[in-house]
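Me: I would like to go through the pockets of this protein, and then one of its hairpins, by question and answer.

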Amino acid sequence: MNVLIIEDEKALARELEIFLSNSNYICEVCYDGSSASEKVGVNLYDFILIDLGLPDYDGLDLLKEAKKSNPDAAYVILTARAEINDRIKGLDMGADDYLAKPFSLLELQSRMQAITRRKFGLKNNVIVLGEFSVNLTDRLITHSAAEVSAITKKEFDLIAYLILHKNRTVTRNQLSEHIWGSIINDDYDSNYIDAHIKNIRKKLTAFAPVEWLETVRGLGYKIKINT
């Protein structure tokens, strides 16, 4: 998932970027409100982490601005401010959560996972797909307790992103933008995405059928989950 980190403490921003990148998020970093304002105006993100104490911008004003162009993003406020009113204002303005500095990176990750579950209607991090179990936290796919180890990192990312958008068609452009961090050009060979899906099907059908992974002709792909 795409994450925008807005934090003026460069050491902390870098620490967040490294940690979240290692947790398979695609990260961009801004050290001030002006550059962040430009980014949220032209790009779409899944998570936006906002430091309220920016040198050139009030974080609450930036939150309000970002929500206009990124209404579907999840927002986490990062603040060293002691005043509870700032946190309440942020939550009232639509922030999903807040963390007071200093905070644990593992706690941040846990809260982001909880937000993701709420946002996409997932009860837990283990999803059952036919005869398979997909653990979104440990990034494992198992069949009869045996790990499907042949699945690559990017193939798992594809499955996980489709799970988050369960029962909805996800286009090839969306898959490329959110997993590879770039939008497919008009003249791009769509076989790029199709080849990954083909490999996923081949590896999984060696264990069991995968009728839950559907091709939506001319558009993209869908994972069907009975709710």
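Me: How much space lies in the largest pocket?
Reply: This is a predicted model, in which local features need pLDDT of at least 70, side-chain atom pairs count only at pLDDT 80 or more, and totals for chains, interfaces and linings use all residues. Residues are numbered from 1 along each chain as its sequence is written, and side-chain values use heavy atoms, with hydrogens and water left out. A pocket is an open set of points on a 1 Å grid over the protein atoms alone, where a 1.4 Å probe fits, with protein on both sides within 12 Å along at least five of seven lines. With volume taken as the space filled by probe spheres set on the points, which are joined across faces, edges and corners, the largest pocket holds about 510 Å³.

Me: Which helix gives the largest share of the lining of the largest pocket?
Reply: Lining residues have an atom within 4 Å of a point, and there are 25 of them here, with Ser23, Asn24, Tyr25, Leu136 and Arg139 nearest the centre. Helices are DSSP runs of H or I of at least four residues, numbered from the N terminus, and H5 (105-120), H6 (153-164) and H7 (172-180) each supply at least two residues of this lining. The largest share, seven residues, comes from H6.

Me: Which residues of strand S6 are on its covered face, and which on its uncovered one?
Reply: Strands are DSSP runs of E of at least two residues, and S6 covers residues 126-129. Its covered face has Ile127 and Leu129, whereas its uncovered face has Val126 and Val128.

Me: Which residue in the turn between S6 and S7 has a positive phi?
Reply: Two strands pair if DSSP finds at least two bridges between them, and four bridges join S6 to S7 (residues 132-135), which run antiparallel. Within this pairing, Val126 stands opposite Asn135 in S7. The two strands form a hairpin with two residues between them, and the turn residue with a positive phi, of about 60°, is Gly130.

Definitions and conventions: Buried < 20%, exposed > 50% of the residue type's maximum accessible area, 1.4 Å probe, protein only.
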